[in-house]
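Welcome, and please open the structure in your viewer.

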Amino acid sequence: MKNTALTHIHEALGAKLVPFAGYNMPVSYEGVNAEHETVRNGVGVFDVSHMGEFLIEGENALALVQYITSNDASKLEVGDAQYSCMPNDTGGIVDDLICYRLKEETYLLVVNASNIEKDWNWISKHNEKFDANIRDISEGYSLLAIQGPKAIEAMQSLTSEDLAAIDFYTFKITDFAGYDGIIVSATGYTGSGGFEIYCNNDVVENVWNKVFEAGKDYGIKPIGLAARDTLRLEMGYCLYGNDIDDTTSPIEAGLGWITKFTKDFMNSEELAKQKEHGVDKKLVGFELNDRGIPRQGYDIVDGNGNIIGNVTSGTMSPSLKKGIGMGYVPKVFSKKGSKIHIQVRKKAIPATVVRPPFYKE
């Protein structure tokens, strides 16, 4: 089991560590609800250094990125970031990712920790016809997600950059916490604003300490992966391995907005047919109408008890104080307001299909 450069700090803080994607990761410190509220109302810090980073460089870098990803990377200016996915050749998704344009011919792909090897092999295979310069730099980089409505104010003293001027899904390579060349990206997985900070492993401990010193008066706290999951689910953000995988298409998953048919990309012809003719099943959000907690794998049933799908992600929403979740259902049940039931043990609990995000500020 691998450790991040900050594992010893998490241990000292009393974090509960669990194996995740081959790493010892902090799942919680003081409890999921308290940590969730810290991010929604203040500022919290996640160590997500287990994520993967690939550099794609050279005159054919854009051509490779365009072929392997569904979104249109030609729209990116230097300093822009873009949410995208890598379709496979059988209608599913290899992974979802964020693409950064660092320089004119340099792109950074940030991928899920559990998929680093699979993604690298997939990209390498398809790079044979593009011959871009690709490098896996995952092992040398750390990633801190500083999230919450107080993040800008709390972190401003650490940089000469005007943090409020960094628009959503853009980034700056700038000074931060006493170091130059740090990527400060206005991205995140929580829906409460903030930044993601990319830096070398050898400086991340100092960066972490300076972040907590700067945020002391703002009630800054370390946050674990359990709260990261409840925060992203309240926003209706997909989690690879739960809501999307090798068998679910971007169109079924409601990711048509990152699937651009203005270019040719892996399996684009088949996905274009899905877009035009529709799909048989769709990923929907739902809220329970009665008390209960929907869990991944629970059956979704119709009014007669027939199984029509299953829960891909579910939780008791700390913000809404009700059960929420996502799952794939036949198209006929996918409209907003549709009535479904979630089989929680022996009880079929009524639920209503809603359009995420569940949490709205």
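Which residue stands opposite Leu109 in strand 7? Select Phe54, for Phe54 stands opposite Leu109. Before going further, note that this is a predicted model, where local features need pLDDT of at least 70 and side-chain atom pairs count only at pLDDT 80 or more, while totals for chains, interfaces and linings use all residues. Residues are numbered from 1 along each chain as its sequence is written, and side-chain values use heavy atoms, with hydrogens and water left out.

**Stop 1: strand 7 and its neighbours**

Select residues 106–111, which are strand 7. Helices (H or I, at least four residues) and strands (E, at least two) are DSSP runs, numbered from the N terminus. Strand 4 (52–57) pairs with strand 7 in the antiparallel sense over six bridges; two strands pair if DSSP finds at least two bridges between them.

Strand 6 and strand 7 form a hairpin, with two residues between them.

Are the residues of strand 7 buried or exposed? Six of its six residues are buried, where buried means under 20% relative accessible area, exposed over 50% and partly exposed in between (1.4 Å probe, protein chains only). In a regular strand the side chains alternate between the two faces of the sheet. Here Thr106, Leu108 and Val110 are on one side, with Tyr107, Leu109 and Val111 on the other.

**Stop 2: the second largest pocket**

Next, select Leu102, Tyr141, Ile173, Gly181 and Ile183, the lining residues that lie nearest the centre of the second largest pocket. A pocket is found on a 1 Å grid over the protein atoms alone: it is an open set of points where a 1.4 Å probe fits, with protein on both sides within 12 Å along at least five of seven lines, and lining residues have an atom within 4 Å of a point.

About 300 Å³ of space lies in this pocket. That volume is the space filled by probe spheres set on the points, with grid points joined across faces, edges and corners. Which strand gives the most? Strand 11 does, with five residues.

The lining has 19 residues: twelve nonpolar, three polar and four charged. In this count Ala, Val, Leu, Ile, Met, Phe, Trp, Tyr, Cys and Pro are nonpolar, Asp, Glu, Lys and Arg are charged, and the others, Gly among them, are polar.

**Stop 3**

Select Val45 and Ile146 to see bridge partners where strand 3 and strand 9 pair in the antiparallel sense over four bridges.

Now select residues 32–41, helix 2. Glu35, His36, Thr38, Val39 and Arg40 of helix 2 are buried, and what covers the buried residues includes strand 2 and helix 7.

**Stop 4**

Follow helix 7 (residues 225–234) to where it lies across strand 16 and strand 17. Both strands belong to a barrel of six, closed in the order 14-17-16-15-18-19 with antiparallel pairing. The twist averages 45 degrees from one strand to the next. Select Glu287 and its bridge partner Ile324 to see strand 14 and strand 17, which pair over seven bridges.

**Stop 4: backbone details**

Most residues other than glycine have a negative phi, and most peptide bonds are trans. Select Asn267, in the loop between helix 7 and helix 8, with a positive phi of about 65 degrees. Asn267 counts as buried because its relative accessibility is 19%. Finish at Pro357, in the segment after strand 19: the peptide bond from Pro356 to Pro357 is cis, with omega near 10 degrees.

Notes
Axes fitted to C-alpha atoms, helices over the stretch in contact; angles between N-to-C directions. Contact = heavy atoms within 4.5 Å.
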